Structure formats: C-alpha cells, structure tokens
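The stops below can be selected one after another.

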Amino acid sequence: MHGRPRKAPTEEEQEASVVKGAKLRSIQAKFFQFHHTNTYTKEALEVNAKLLEMNPEFITGWNYRKLAVQYHLEAAQSDEDSIKSILDEELKVVESALMTNFKSYGAWHHRKWVLNMGHSSTDRELFLLKKFQKLDARNFHAWNYRRFVTALKNIPDEEELQYTTDMIYENFSNYSAWHNRSVLLSRLLKEEVEGYYPKEKVLTEEFEFVRNALFTDPDDQSGWFYHLWLLDQTVKLEHLLVSSWPPNGSNVNVSDYCALSPSLSSISRTLPLILCFSEAVGGINSSTVSVVCESNMDSNLIWTPISVDKSGLARTWLTYLTFSSEPMHPSRNYLVKVSIANSEGIISSAGFCCSNPSHMAFTVCLPSSNTEFDEGPDIERIDWSEENFSSNQLHSENLGLINSFNELTISGDNKKTYETNAKIIADEIDYCRELLSEMDCKIGKLTLARLLLAYDALSSASRGVQDQNMFQYKEILELYHDLMKLDPPHFQYYKDQYSLVFLKQELANEESLLKYCYQYRDSTSLSNNSLCLCLRGLSLSQIGCIERLLWVQMLDLSNNGIRSIEGLESLQLLCCLNLSNNKICSFSALEPLRLLKSLKVLDISHNEIGAHPIDTRRYLCASPLSHTSDWKREEFVVSGPEMTIYWDAFSIFSGLNLRQLSVTGNPIADKKFKLFLCKLLPAMKWLDDEKLR
Amino acid sequence: MGELAVEKHVKFILTIEKEKDSFESVVMEHIRLNGAYWALTTLDILGKLNTVDQDEVVSWMMQCQHESGGFGGNIGHDPHLLYTLSAIQVLALFDKIDALDIDKVSNYIAGLQNNDGSFSGDMWGEIDTRFSCVAILSLALLKRLDKINVEKAVNYIVSCKNLDGGFGCTPGAESHAGQIFCCVAALAVTGSLHHVDKDLLGWWLCERQVKSGGLNGRPEKLPDVCYSWWVLSSLIMIDRVHWIDKEKLIKFILDCQDKENGGISDQPEDAVDVFHTYFGVAGLSLLEYPGLKAIDPAYALPVDVVNRIFFGR
C-alpha cells in the first residue's frame, strides 16, 4: 500500500501477478478448509505457516494458530518439554513473519500471547528487539513490545532510562527514544526513586542533556518536543486564585448589580461572587471556601463551575451572596471575607490538592431596607457606533472594581521552589539566545518566546506584584512576528499566540487598561452598566486574559479576526457583547454564551455563519452528537425537518434571554432563519435593528 | 493549482470492485469489508453513491457476519471489531442499519470491553485504543452506547495520553496521528474532549505539516496522504485546523492523484490504492474543497448521514 512507485505494469508483470494471486488464493482456500473444520494436523499447520509467510497481515491465520496451540497444549497436558516445543515453534513462525513485515500487528500480538503463557524464555526477546530497532529505530511496534518485555522481566526503569540515553547518543533524531525517556522519567520523578530527587536537580540535568541534541541539529524537532516537556515540568505552578469579582479590597454597591441576580425575590440584595483560578479545579463548595459577612448573609452557598463541558472542573466558579432584608443602618458598608482552601478538597485536573489557603476581602454597600428594585425606564436599543462612546471619566471608587486581578501570595517553602525554577528558566533563556545568535532557527525562536513567557509567569508569581515587565512582552511579540514570516504555513498559530501576548501587555495594569475603557452615551443608567471595554479593531485572532476581565459588563470585540470565544464564559457579568465583523463560522462556536445568563444584547452580524460546510466546533458543544445534550429533542424534532440545519442555533439561543440580537451579514441569516429566531426568543425586542412587536 | 479528477476516481473505484485477481488485490481480501467502506464513502462524498448496486453490496456484507454477531473482513473470515464498524458504516450510508439485529451486534461489541475499560479487538485479546474508538463509534451509530461502561472506556483512553499531548495505542506508547484520531474521535463522541489539551495537541498536530505541504504521522517522518485524514480530522475536532496551511495541503493531495487512470496514492508518483483515494477525498472534503459533500470528522461518514441518525426521527 505504501511507497510503491506508480508504474503501469507490463503484460508480463500483470500475468505474473495474477499467477501469484491465484497461488495465494489456493493456499487461502486450503487454509479455510482446515480452519472451518477445526483441523490442526502438521500438514494444516504448515499450510497456515506458508500463508502467514506470504501474507503476515492475514488475521484469521493468527487466530487459527492460537486455536491449534490450545488444542495441542491440551494434548500435551503437563509435559513441560512438549509445551516448550509447541510454543517455540510459534515464536519461530512469528519471527519469520516479522522478517517479511515487521509492522504486522498480528505477528507481534501472537508473540505476546505466547510469552504471556509463561512457559517461554524471555532471554532472546531483548536481543531480537535490538535487531529490529537497528532496522528501524522508530518502529513503534518494537518499542511497545520492548515495554511489554521489560515489564515481564521486571527490568528497572533506571536501566531502561540508560537504554534511551544510548539510543539518543546514537541518533539524536530518535523521537521514540525521547518519548520513552519522558515516560520513564515521569515515573521515576513521581515515585521519588533514589537518585531522581529533588525534581529540580533532575530537570537541570535533563536540560543539559537535551541541549546537546539541540545544538547539534537545531532543525530536528525531536529534542525540542522533549525540551517543551521539561519546560512544562519546570513551570508547574500550584493552582492559585488569580482573580475575583468583586476584586480584593474593592467596595461594591449591591443594588448596582441586582439585575444580575437569578432570582427575583431577593433581587435587591443579591450579589454574584466569582473566583478565577490559574487552572481548572474541582471541589469548590461551602466547606472548601468560606464566605463570612458582618451582616446577615446566608453562608450555605451553592458554587457552580463555569464550564462548557461536563467535567465538574472549571477555572471560574460562581455563587450568589444573598444579604438579608432585615432593617439595618441605611447604606452602610459591610465587610465580606473569603477564605479559599482552609480545608482540603480543592483539586486540579491532574489530581493535585490545593494546600495553600488564600484570603481576600471586599466591602459591600447595602441599600436601606425599603429600596425596591426598579426596572428603570424602557430600555433602549444599544447602538455600537463609535460616536456613542466617549473616553471614560472613571471615579476613583470605580477603579477598584475594574482591577479584578488578585495579588498572588505564595508562602515561604513554595517561594524557594519558584525562585529555583525561575533560575533554571533564566539559564535556558541564555542558552537559547546563544543558539539563535548562531543560526536563525524557527523552533529555537518559538522556544525562546515560550521561555520568556514562562519566566514572566514564574517571577511574577513569586514577586506577587502587578508590575508586569513590559519589555519582556515586546520581545515576545517581536519573536512571534518573526515566526509569522519565517514559517508561513503556521502563520495562524503564531497569530493566535501573538494575540494572547498582546492582550497580556495591554491589560497588564490599570493605566493601560483605562485606555480601552469607554463610557456609553446612556448616562441615565443607574449603575456602571454604561462602562464598556472596547477592544475593537486590534487584529485579535484569539481572546485571553479573561482573569483580568471579570468585571466587564459591556464588551466590544468587533472588527477583529476572532474565530473562537473560548474563555468568554468566565465573564459572568456580561450583558452586552459585540462580535460583529469577525470570523465566527458557526453557532456552535458561540457555546460559551450559553453560560452567560445575564447576556441581553448580542451582535454577531457580519461573520461567516452558514458559509462553511465543515463545523470545527461540532464536538465542542452540547448536542446529541457528543451525547451531551441537555435540550429536549422532542421540541426540536417537532419543529420540522429543515431544523436539522439550525440545531446549533437552537442549542445556543434557547437557553438565553436576549433582548437585542443582530445576525445580518451571515449567509445563514435569511428570512426563514429570522422567523425561526423570533419563535425561539419570544422576549426579544430587536432583531437586526428592527423593533419587533 | 490542479483539479480533482472526479470522474477518473469514480471509474477507478468501480473498476477495482470488479477486478480482484491481481496479487495486490488478493493480499487485501481479508480486509475487503474495510475496502467497501473506503470505496463507498468516497463515492458518496463525490455524489456518486447511486452508481453501485446497493442490494448486492448489502447482501455480500451480511454474509460476512459471524454467528457471534461480529463481522469478518470477508466471507468466512473470523470476526473482529474493525470490520464490524465498517459494516455499520456502510449500512449507515445506505440508511439500512435496521437490516441488522442491532442487539446481537451491540452485544458482540460490548462483550469485548475489559475491566480496565479498554477493548480487545476480538476474542484473542489484543488491546489497542483503535478498538476503543471502533467500539464507541459503532455503538453510538447503533444508539447502544449504554451497553458499555463509557466512563471506564474514557478513562482508559485518557491513560494513553502522552506528555506531548498526543495518544498512543496503549499506555506509554508513542503518539501517532492514527492513534490520536482514534482517541480524539472516541472522546469527541462521548463528550469528553475536555481531557484533551487542545493547544498542546493542536501544536503537535500542526507541526505534522512539512515543507511540501503534506502531513506526516509523527515527527521526522515522511508525509503521506492518509495523514490528511488522521491529522486533519483530529485538528478539526479540537478546532485548531486553522493552524495549518490548508491551501498547501490541498495542493499536496491533488498532486498525489493519478490523473490518467484515477485513484490517489500516498505520495506523488506512487502507486494508487482505494485506501489513499478515500483519505485524499475525505481530506479534501474536510478542507472544504468545492463540490464535495461534507464529511463528519469523528464518524468519518457524510454529515447528512450523521445528522439523519442523530437529529432525525
């Protein structure tokens, strides 16, 4: 099938092929006669062996041999010599088949099956493996078999690690050897085997080891992938609280946020509390997180993971604080204290327990007891035109609310680890620069960019300060810019990374963030709702830094190149969102919006929905296709057969309570579709700027 | 850029169905059921499924079914999960899944799940994540996923996840594009893609694109048209396909055509076969090449077939 040259066969060749084909057919027919009559005579076995020699992929042939072995073993009973001789014959047949085709699954499995019986010597196996690996050092069948044999013979991981060292010295380009090395080393590190502790010492040695490979042949990828794994091991931060809303040290007017409450009864005294961690965690509940307030507040809180999947883990967790309505001092500030991980139970997806408690606090200003929630004047249509936005004049008290980035506090022991690891990364950065000074190497540049980002993450964690190193970002952005030119096929990959770093830079501190804050013209609004974060026209291809955006209620992301809004589900306060003029290709890409219960205004006009036959988010949203739908199929099916094209629109919109929606400029948005939307969203007041009855 | 020689490829496929006597053909007899799936799905994507005799195909296929409920690669061959999936997929193309005794087939498949959640390919116990994928896709198409322990099946697949973000055939085995497709598809269909580090795996996968525009299956290997499916569909399922140069890949696939005699080969100027013809055409469908039916990246069947099964009556 693979690697045969395209040549029209000559008549002679065609004839010879037919003759050979007929010969194989005849052997197959003979074999089937024996197989279907359960005949396991010497003659039958010889026919089978001949068949497998001609065609080692003939699975039924291998099955037959197992039946024959079982048959003969039964006859041999416990005569050890007979048993050995029967099984040795099998090993010979396998060896000869492997000589024809050393990638035959059937052959390798048969050998394993024989060895698993426990009667055969394993001495020859490693010798055989060495032979095969000389023929092809990347043969994964051989490597798998090697893992099988070393387990059978209880060969210690350290010895196998030395084997990978030998193989790598023989040829740096042996990805299979590097891979095996990473598997063995992970185990040795995890079990803290003697000589492989502490982790930092091992990582330093491994960085030195891989450096040989990288400097010898910088264009070969094998070493670089291993290097990336080492980097990942070095940067492992404990999952921490990175931001929250309300932010630490802020003061919040509860009545400003009452519209966000899920339940109308306690509407004027409910406040969302959002916690955002450095990675997805589980186990957030009222025993692992305590929230205490001077005022009377229900402390039995229900925490929800904000996640589009059903894993139960999330970076962002949400709860609602409900303050009691008993008569109190009019408009007083009450302190709310939040303690995370006082008790065990918070875990990361890798299974690590959070053992470092952290604390934060903010004050809330409660309305005097008689304040009723006032829906306000009839809500206008939001018009996203630039003239409706003016540079903000934020009051100092509001500043605290937009700075949701938490100060990270790391305790003594961990601090030392962070510092040691930061030093390792700093050394690697120097070596990388050295290599790049000698040659322009794509993967070297990419690694340097990643190293710089990693260093930034580690050092800011141990410093615990917002003073982000702006210079680092500039260099990283330049590297990605270079890479877009150096490696055009992967342009979009570098663009995505560029966007993320760019956002990190622009949202790094208050001063920079304020550049993007605008006031929407509606000054009659009761609250901060009119403050908009305007990130339009920045050539962003991806969104990131959501931990710094938890406060956002109005967001303009129009006129970018955004294809995916992964992460946007964390912006739980979001009410108005503009995604017009981007690259959204399907409704399934809008899955994160289903979790934004406060979303009222959405503009997805002028995207590419309906223009693509292939949906790249098909399995990343809840639906019957991935056996994760929570919508009622009966409702959907009854609507008519053409609804099959609208299944993802149905999934996204039926859970939302939109007041205003724009879809024009998408190929799917014809009259029929708009009618469908009106049926689906009865509370909607504006569709494509038209007021609905 | 070149064009897809649709008529030639259709002719090629219909010819190999008939010509069976060359050695190359005989040596593939044991996987003929897979071959039927590759040939027929290609024809459907090209809009030419009606050129085959449906009844003839189905009648031959049903003869490949073993008394255990599983299907063999051809008549008289032992049953195995791999051919069972192909049979189900072909019946799905023809909208004839009800020709099966669904409980019988699904019991055969479910019976091959092991305690650790893995699947054996057949009664002889070879374990491989390919079989996890095949079992899950089969049962999903038959609407009988509840016959297996899905959680354990997913956990086993996750245990085969490697440090480079990819997946191997068993725990500890090297990442390989074919295995990655199998694991990602199985996780996709069971709503478990959150176990995949999409950025890490996406980068590993996009680095399969080499200078010629073709894709290889693992680092430092040669490009091959069949990876246009394994790598591409994986990238699509995790929404990272924009990280490769689609135009260059389309050109590579088109360069692998035999424009005179029809068919697509693994690399330009190599011998063609139905396997690579299918993967080339399926890859072009995923790349939104004009005039082709869209194919579903997980089930490897046309989207209209999959939608009919999951959104239909």
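In which helix of chain A does A:Thr447 lie? Select helix H14, residues 442–463 of chain A, and A:Thr447 is within that selection. Bear in mind throughout that this is a predicted model. The predictor gives the complex an ipTM of 0.95 and a pTM of 0.95.

Stay on A:Thr447 and display its surroundings. With residues up to four places away in sequence left out, A:Thr447 touches A:Trp224, A:His227 and A:Cys432. Its relative accessible area is 6%, so A:Thr447 counts as buried, the cut-off being under 20%.

Next, select another threonine, A:Thr39. This residue is found in the loop that connects helix H1 (11–36) to helix H2 (42–54) of chain A. Is A:Thr39 buried or partly exposed? A:Thr39 has a relative accessibility of 23% and therefore counts as partly exposed.

The side chain of A:Thr39 makes a polar contact with the side chain of A:Thr37, at 2.7 Å. Beyond its neighbours within four places in sequence, A:Thr39 is in contact with A:Phe34, A:Ala44 and A:Tyr64.

Move on to helix H8 of chain A, residues 157–170. Its 14 residues reach 20 Å from the first C-alpha to the last, close to the 20 Å expected at 1.5 Å a residue. Colour the buried residues of H8(A): A:Asp157, A:Glu160, A:Leu161, A:Tyr163, A:Thr164, A:Thr165, A:Met167 and A:Ile168. When reading that pattern, recall that an α-helix has 3.6 residues a turn, so residues three or four places apart point the same way.

What covers the buried residues of H8(A)? Select helix H6 (123–135), helix H7 (140–152), helix H9 (175–190) and helix H10 (199–216) of chain A, which are included in that cover.

Finally, switch to chain B. Its mean pLDDT is 95, and 99% of its residues reach 70 or more. Select helix H3 of chain B, residues 32–45. At 1.5 Å a residue, the 14 residues of H3(B) should span 20 Å, and the end C-alpha atoms are 20 Å apart, which agrees. H3(B) is mostly covered, with 13 of its 14 residues buried. End the tour at B:Gly47, which follows H3(B) and has a positive phi, near 80°.

Notes
Residues numbered from 1 in each chain as written. Chains lettered and ligands numbered in written order. Heavy atoms only, no water. Helix = DSSP H or I, 4+ residues; strand = E, 2+ residues; numbered from the N terminus. Expected span 1.5 Å × (residues − 1). Buried < 20%, exposed > 50% of the residue type's maximum accessible area, 1.4 Å probe, protein only. Contact = heavy atoms within 4.5 Å. pLDDT = per-residue confidence, 0-100. Polar contact = N/O pair within 3.5 Å; in protein donor to acceptor, adjacent residues only side chain to side chain.
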